[in-house]
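Thanks for coming, everyone. Let me put the structure up, and then we'll walk through it.

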Amino acid sequence: MPDRINWYPGHMAKSRRLLQEQLRAVDAVIELCDARAPLATRNADLKKLTRDKARILVLNKADLADDRETAKWLERFRREGLTAMRFNSNGGRTKEILAKIEEASAPALARFAARGVKKTVRFMVTGIPNVGKSTFINRLHGSAIAKASDRPGVTRANQWVRLGPYLEILDTPGMLPPRMDDQESARLLAYLGSIRDEIMDTEDLAGGLLSRLYALNPEAVSARFKLPGDVENTPHGLLEAACQGRGWLLSGGRYDTDRAAALVLDEFRAGKIGRLTIQGALPPENPRQRDQSLWNPIFRPHAAGD
Ligand SMILES: Nc1nc2c(ncn2[C@@H]2O[C@H](COP(=O)(O)OP(=O)(O)O)[C@@H](O)[C@H]2O)c(=O)[nH]1
Ligand SMILES: [Mg+2]
């Protein structure tokens with residue numbers, strides 16, 4: 001299944017069924033979310049689906065998020081009783097995460113031991129599309145293979161990868177649909193590139209993103225897009241200011257907002273504007289203070305049969 005797809009009930013039911021099958025084969029689950037928007041990138045059904053299984057929540061892509069915000073999120077999740085940690089699947093060291101996995105598998109191991117069996121604890125990785133599941137698994141593979149190099153024949157057998165003497169991880173991640181039930185989450189997912197751009201107006205999207213980023217960190221946005229000094233925080237105004245600053249102009253000097261929109265989204269997703277968390281661990285105190293343009297629906301009605 002391609003990663004960025006339009007979700008419709010058929011897709012959702014299918015990936016849910018698949019995940020349920022995979023879950024039957026494991027004792028524990030590593031849930032990945034995006035550290036830049038940890039709540040919007042978690043699937044609301046996972047808790048129910050995993051019930052009594054041990055769970056680790058990984059705030060992945062932490063290299064793209066604001067460290068202080070990530071710390072607040074971790075604190076919040078830990079207060080909720082979750083085992084949570086940050087990670088960078090592109091370059092993070094796996095020692096700490098492997099230790100957490102071992103820790104989380106201890107109760108299952110103890111249960112096996114009580115029954116007198118030396119069974120392997122099996123993990124799987126899950127999350128919505130684009131949070132980095134494949135990259136994360138590859139990262140663990142890398143260290144697992146290195147670790148097991150002196151013990152031939154134990155790695156990558158039967159789509160299970162051995163991470164330790166009593167630890168195995170499923171080679172294929174389970175995919176869950178993103179939450180599309182509220183517009184705020186949908187918008188954050190769109191900013192991150194986790195749902196298809198085609199169903200949205202790109203200029204609306206990029207303008208909304210710019211506005212949100214500008215409210216969070218005006219210096220970073222100003223520097224990246226060479227904004228003039230006294231710019232007003234409105235989506236369209238910011239997009240035009242970026243055109244002016246970066247010279248995205250059409251013949252006759254008109255602003256090339258189309259091109260600007262695509263580049264703003266690309267640069268944000270690549271982390272070029274800076275390390276920015278777009279969903280705060282604490283909700284805004286007063287909803288009225290929020291820029292309304294950030295909260296308006298952006299989705300056009302679905303085409304028939306979509
Ligand atoms: N900067 C950064 N990028 C990541 C990280 N993890 C994954 N990515 C990138 O995010 C994109 C989606 O990753 P992928 O593993 O395919 O996500 P999946 O759909 O959950 O399997 C790819 O471009 C990865 O290189 C991370 O920790 N940091
Ligand atoms: Mg993948």
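**Cysteines, strands and salt bridges**

Start with cysteine 33: at 0% relative accessibility, it counts as buried. Buried means under 20% relative accessible area, exposed means over 50%, and partly exposed lies in between, with a 1.4 Å probe and protein chains only. Cysteine 243 is also buried, with a relative accessible area of 0%. How many disulfides does the structure hold? It holds 0. A disulfide here is a pair of cysteine sulfur atoms within 2.5 Å.

A word on the source. This is a predicted model, where local features need pLDDT of at least 70, side-chain atom pairs count only at pLDDT 80 or more, and totals for chains, interfaces and linings use all residues. Residues are numbered from 1 along each chain as its sequence is written, chains are lettered from A and ligands numbered from 1 in the order in which they are written, and side-chain values use heavy atoms, with hydrogens and water left out.

Now strand β6, residues 167-170. Helices (H or I, at least four residues) and strands (E, at least two) are DSSP runs, numbered from the N terminus. Leu167 and Ile169 point one way from β6; Glu168 and Leu170 point the other way. All are buried. In a regular strand, side chains alternate between the two faces of the sheet.

Which strands pair with β6? Pairing takes at least two bridges found by DSSP between two strands. Strand β4, residues 121-127, pairs with β6 in the parallel sense over 3 bridges. There, valine 121 stands opposite leucine 167. Strand β5, residues 160-164, runs antiparallel to β6, joined by 4 bridges. Glycine 164 stands opposite leucine 167 too. A hairpin of 2 residues joins β5 to β6.

On to charges. The whole structure has 16 salt bridges. Each is a side-chain nitrogen of Lys or Arg within 4 Å of a carboxyl oxygen of Asp or Glu. Arginine 122 is partly exposed, because its relative accessibility is 29%. Glutamate 168 is buried, at 11%.

Arginine 36 pairs with aspartate 34 at 2.8 Å between the closest N and O atoms. Both residues are buried.

Last stop, helix α6, residues 183-192. Of its 10 residues, 9 are buried, so the helix is largely enclosed by the rest of the structure. Glycine 193 follows α6, with a positive phi near 80 degrees.
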